Amino acid sequence: MNPALLNELAQGLRPLDQGMAWFESLNQDGRHRALIELQEYCTQARATADDVAEAASRVGLKPGNTAVVVASTGRIPEPMAVQLRKLTELRPPDQQRSAFRLLVGLLSVADERRRRRCGGDCTHWWHHPPTPHAPNDGPGPA
Ligand SMILES: [Zn+2]
């Protein structure tokens with residue numbers, strides 16, 4: 001749907017406000033699809049239940065927020081994918097916005113961990129974003 005935007009949000013390359021504005025510009029079906037796409041990325045990045053608290057604090061959600069509660073409660077050992085799927089099923093607009101924020105936060109936490117494991121030696125396109133201001137590019141003393 002918009003993988004570049006979603007990954008840039010998770011990596012902090014774009015302000016979350018921009019992501020929220022984009023999310024709110026979508027219709028109901030589009031929001032649902034955006035949540036599903038984020039949920040899939042989080043699952044691929046191996047987000048865990050332990051990441052929820054850190055994710056919530058990164059995106060400014062309180063522990064009692066519905067999305068946070070939904071993501072952190074469930075029958076253990078329910079797979080995280082199942083937990084996160086519940087976030088995509090929230091319908092009230094304010095809960096959907098919270099779910100979007102939380103999934104961005106989870107992708108941020110989980111992908112940061114994955115990126116450390118990659119160590120720059122990987123084929124994940126989003127780990128190699130174009131760097132327009134790369135200071136060490138081109139001729140000159142290193
Ligand atoms: Zn990578």
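The model is a predicted one, in which local features need pLDDT of at least 70, side-chain atom pairs count only at pLDDT 80 or more, and totals for chains, interfaces and linings use all residues. Residues are numbered from 1 along each chain as its sequence is written. The protein chain has seven helices and zero strands, where helices (H or I, at least four residues) and strands (E, at least two) are DSSP runs numbered from the N terminus.

**Overall fold**

- Along the sequence, the pattern reads α-α-α-α-α-α-α.
- The protein chain has 142 residues, and 33% of them count as buried. A residue is buried if 20 or more other C-beta atoms lie within 10 Å of its own, exposed if 12 or fewer, and partly exposed in between, with C-beta atoms placed from the backbone.
- Among contacts between residues at least 6 apart in sequence, 72% join residues at least 24 apart. Two residues are in contact if their C-beta atoms, placed from the backbone, lie within 7 Å.

**The nonpolar core**

- The largest nonpolar core holds 33 residues, of which Leu38, Cys42, Leu87, Leu102, Leu103, Leu106 and Leu107 touch the most other members. Such a core is a set of buried Ala, Val, Leu, Ile, Met, Phe, Trp, Tyr and Cys residues joined through C-beta atoms within 7 Å.
- At least two residues of this core come from each of helix H1 (3-10), H3, H4, helix H5 (66-72), helix H6 (80-88) and helix H7 (93-118). H7 gives the largest share, nine residues.
- In soluble globular proteins, nonpolar side chains tend to be buried together.
- Which residues does Leu87 contact, leaving aside its neighbours within four places in sequence? They are Leu35, Gln39, Ala67, Val70, Ala71, Ala99, Leu102 and Leu103.

**H3 against H7**

- The axes of H3 and H7 come within 9 Å and cross at roughly 25°, so H3 is roughly parallel to H7. Axes are lines fitted to C-alpha atoms, for helices over the stretch in contact, and angles run from 0 to 180 degrees between N-to-C directions. Angles under 35 degrees count as roughly parallel, over 145 as roughly antiparallel, 65 to 115 as roughly perpendicular and the rest as oblique.
- From H3, residues including Leu35, Leu38 and Cys42 take part in the contact, and from H7, residues including Ala99, Leu103 and Leu107.
- By class, this contact of H3 with H7 has twelve nonpolar, two polar and one charged residues. Ala, Val, Leu, Ile, Met, Phe, Trp, Tyr, Cys and Pro count as nonpolar, Asp, Glu, Lys and Arg as charged, and the others, Gly among them, as polar.

**H2 against H7**

- Helix H2 (residues 16-25) and H7 have axes that come within 11 Å and cross at roughly 135°, which makes H2 oblique to H7.
- Here Leu16, Gly19, Met20 and Phe23 of H2 meet Arg97, Phe100, Arg101 and Val104 of H7. Five of these residues are nonpolar, one is polar and two are charged.

**Two residues to look up**

- Val68 is in helix H5 and counts as buried because it has 24 C-beta neighbours inside 10 Å.
- Not counting residues up to four places away in sequence, Val68 touches Val52, Ala56, Leu61, Pro63 and Leu102.
- Arg46 sits in the loop between helix H3 (28-44) and helix H4 (52-58). Arg46 is partly exposed, with 13 other C-beta atoms within 10 Å.
- Although Arg46 is not a glycine, its phi is positive, about 60°. Most residues other than glycine have a negative phi.
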